[in-house]
Amino acid sequence: MLTGVIWRCVCIRVKHAPFPSTAIRNGYSVRKTSTAPAHHQPQTATMTIPIATITSFRTAYNPFSRASRPCRLFLGMLRTPDTIPTSSPTHIDIKVKQLPRNSTESPTMTVGFKGGKELTLDIGKRGLKIGDVIEEVSRVGRALQREASLKN
């Protein structure tokens with residue numbers, strides 16, 4: 001049963017199947033690819049982090065723990081060429097404490113915003129994922145941006 005998706009076959013002349021989902025027929029590799037219209041593609045929500053409102057970021061995590069994945073990903077999102085130089089207006093003071101491999105301490109992160117507000121998230125105890133962390137930080141950042149725009 002096809003649900004609005006049109007399938008077309010891609011044929012490549014090969015001796016062995018390059019992908020597990022392919023079949024070899026008469027020396028050709030046949031693989032199904034989707035050519036669904038854009039309105040049939042799944043929609044993903046994209047959230048932006050108001051980096052201009054963040055002044056500091058502190059985190060402590062075990063790099064080998066699966067629970068610390070949101071800390072690692074969020075750290076990677078904040079380390080950009082715009083936020084690294086101290087002369088940049090969007091500079092973020094980043095401090096990372098990597099815990100030993102056998103540590104049982106849960107990963108935590110603290111995000112400091114302009115105006116002295118801090119958001120502390122205990123990633124391990126609350127079981128947060130990266131989407132939850134971005135949503136929480138974005139919510140606080142947008143609230144601070146709204147306050148700043150109302151003051152002006």
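Reply: The protein has three helices and seven strands, where helices (H or I, at least four residues) and strands (E, at least two) are DSSP runs numbered from the N terminus, and from that end on the elements run β-β-β-β-α-β-β-β-α-α. This is a predicted model, in which local features need pLDDT of at least 70 and side-chain atom pairs count only at pLDDT 80 or more, while totals for chains, interfaces and linings use all residues. Residues are numbered from 1 along each chain as its sequence is written, and side-chain values use heavy atoms, with hydrogens and water left out.

The part you ask about is an open sheet of four strands, in the order S5-S4-S6-S7 and with mixed pairing; two strands are said to pair if DSSP finds at least two bridges between them. Its edges are strand S5 (93-98) and strand S7 (118-122), each of which pairs on one side only, and from one strand to the next the twist averages 10°, with angles running from 0 to 180 degrees between N-to-C directions and axes being lines fitted to C-alpha atoms, for helices over the stretch in contact.

Strand S4 (residues 54-61) pairs with S5 in the parallel sense over six bridges, and in this pairing Phe57 stands opposite Ile94, while the bridge partner of Ser56 in S5 is Asp93. S4 is also joined to S6 by six bridges, but here the strands run antiparallel, and Phe57 stands opposite Val111 in S6. Because six of its eight residues are buried, S4 is largely enclosed by the rest of the structure; buried means under 20% relative accessible area, with a 1.4 Å probe and protein chains only. Across the protein, buried residues make up 29% of the 152 residues.

The hairpin of S6 and S7 has four residues between the strands, and in it Gly115 takes a positive phi near 90°.

Over the protein, among contacts between residues at least 6 apart in sequence, 58% join residues at least 24 apart.

Key. Buried < 20%, exposed > 50% of the residue type's maximum accessible area, 1.4 Å probe, protein only. Contact = heavy atoms within 4.5 Å.
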